[in-house]
Amino acid sequence: MGFIQAIADLGRLDARSGLESYVKFPLEKGGKIIRVFLEIEDITAEFLRIKSIKRIDLAEQLSDEQMKTEYLYRDKVGANVTWGFTPLHKTGKPKGSRDANAKDWLGANRDWEKDTKSHLYKIHRRVLMDYEKEGIINAGASDLIIMQLQEQIDNILDVFQGKDSFVILFGADENGNFIYPGKIPAFVKYFESKLLQSLGKDAQAEHMASCSLCNQENSGKASLSMVFKFATMDKVSFLPGLDKKREYSNFTVCKKCLEDVSAGRERVERKLSSTGIVPGLRLWIIPEAVSSEGDEAVKKTVLRLERLWDEAMLQTLGEKSEERLFREMAKAGSDLVFHFIFWERNNAQELVHLMVEDVPPERLALLERKWEQAFKSIMGGEVTKGANLDWAIKSLYATLSRFAGRSEGDKMVFRDLALKIIGKMLRGEKLPLDTLKQVFVSRSARLIFENDHWDEVKRSILYAQVWCEYIILINRG
């Protein structure tokens, strides 16, 4: 309840209207957009007659808040559906060669109609065709667009290169200017129709009494599976955490609260998350007010954390910004607490590995003081780089993975051990010192013989010592 309420409160921090609660940026951390300028007879019409592709260009994803509604993007409801909310296709990152990219776009044998993994197949069958089916664009328009994309494939391949993630986005040409989908009434209508359709599937239980968040009655109900893919009825998870037979006893919310939760998730995902602590997992950081003064404390903390995120994004490739998220959280006052969620995206599913609620800033400050003490006692009092909580939490799995050696299976086991220890640290529970010592001692020989670089071995052993000392200090209280 605390986690969901905190997400909803974040969604309410800024005034929003209409579809703004349900849209997000196509790319989480910036990237490139291949813009397709469609020549449309009348872009204000409810039914769009598409004449041709006027031109194609490349643009950076713009991060201004108002651009969310212009991109008009929302994640698909599933991996295998043949429609989306937006005339957009995610292409991912380019391959290393032009020939490999050409195969991805046109198919291995330039037979995209048979190659279900090719970009042209996906654009045609999983994006454009449904716009024809729903009467948004004229019959034959999707075939025309694909044919002209093939004709301009060299132009596409010229810009489809580098290390950024890409999307291809369809909009309108107006006197040489690109008109984004959110400014085209027919595309907005399509989005609204699909949104109502997807929400409607979870709003069929009329006997549900009231919203689980605001207790308002008769305001339309929806399941949180619309926002979180770990909240589904086909498996037992912490959301909803119930068997499918008890579907109508599930935690349900009204439309307004669903908008708040959706907007809150988008904000957390964009600027209050980290992917650098445990490889393959994302960490969400969610503050929640616990006093009458807490709302203002939450807002100030969120703005500070988001500013750190923005500063990190401005770093050039040659720079390495120091992570300060946990250090900043440790400075927050007693009017709020934090929730932490480590989760993994697995196709259309979202798998939660660790969730810790109600962590006070005082706990984080204590953990940082103990780490600084342990770090300097082993590394030397003059060493300051690394003597902070962000480095501590990030270093745990990094250290364990080195002791795992080349075994991917062992690394997965140690990843789970790292998460277990991090969870206990945040909750204030006693940490498993003997278990960690056994891992380090039993694996030391393997670490040495599987590594040709003595400096790396020495550093790993030093960090093992730091972690043992750190746990002793924490367990003492």
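Predicted model: local features only at pLDDT ≥ 70, side-chain atom pairs only at ≥ 80, totals over all residues.
The model's local features need pLDDT of at least 70, side-chain atom pairs count only at pLDDT 80 or more, and totals for chains, interfaces and linings use all residues. Residues are numbered from 1 along each chain as its sequence is written, and side-chain values use heavy atoms, with hydrogens and water left out.

Select Glu328 in helix 10, residues 325-330. Helices here are DSSP runs (H or I, at least four residues), numbered from the N terminus. Glu328 has a relative accessible area of 13%, so it counts as buried (under 20%, with a 1.4 Å probe and protein chains only; exposed is over 50%, partly exposed in between). Now show Arg304: its side chain makes a polar contact (a pair of N or O atoms within 3.5 Å, one able to donate a hydrogen and the other to accept it) with the side chain of Glu328, at 2.8 Å.

Next, select residues 454-476, which form helix 15. This helix has 23 residues and reaches 33 Å from first C-alpha to last, close to the 33 Å expected at 1.5 Å a residue (1.5 Å times one less than the number of residues). Its buried residues include Val457, Trp467 and Ile474. Just after helix 15, Gly477 takes a positive phi of about 90 degrees.

Finish at Ile448, in helix 14. Ile448 is partly exposed, with a relative accessible area of 36%.

Key
Helix = DSSP H or I, 4+ residues; strand = E, 2+ residues; numbered from the N terminus.
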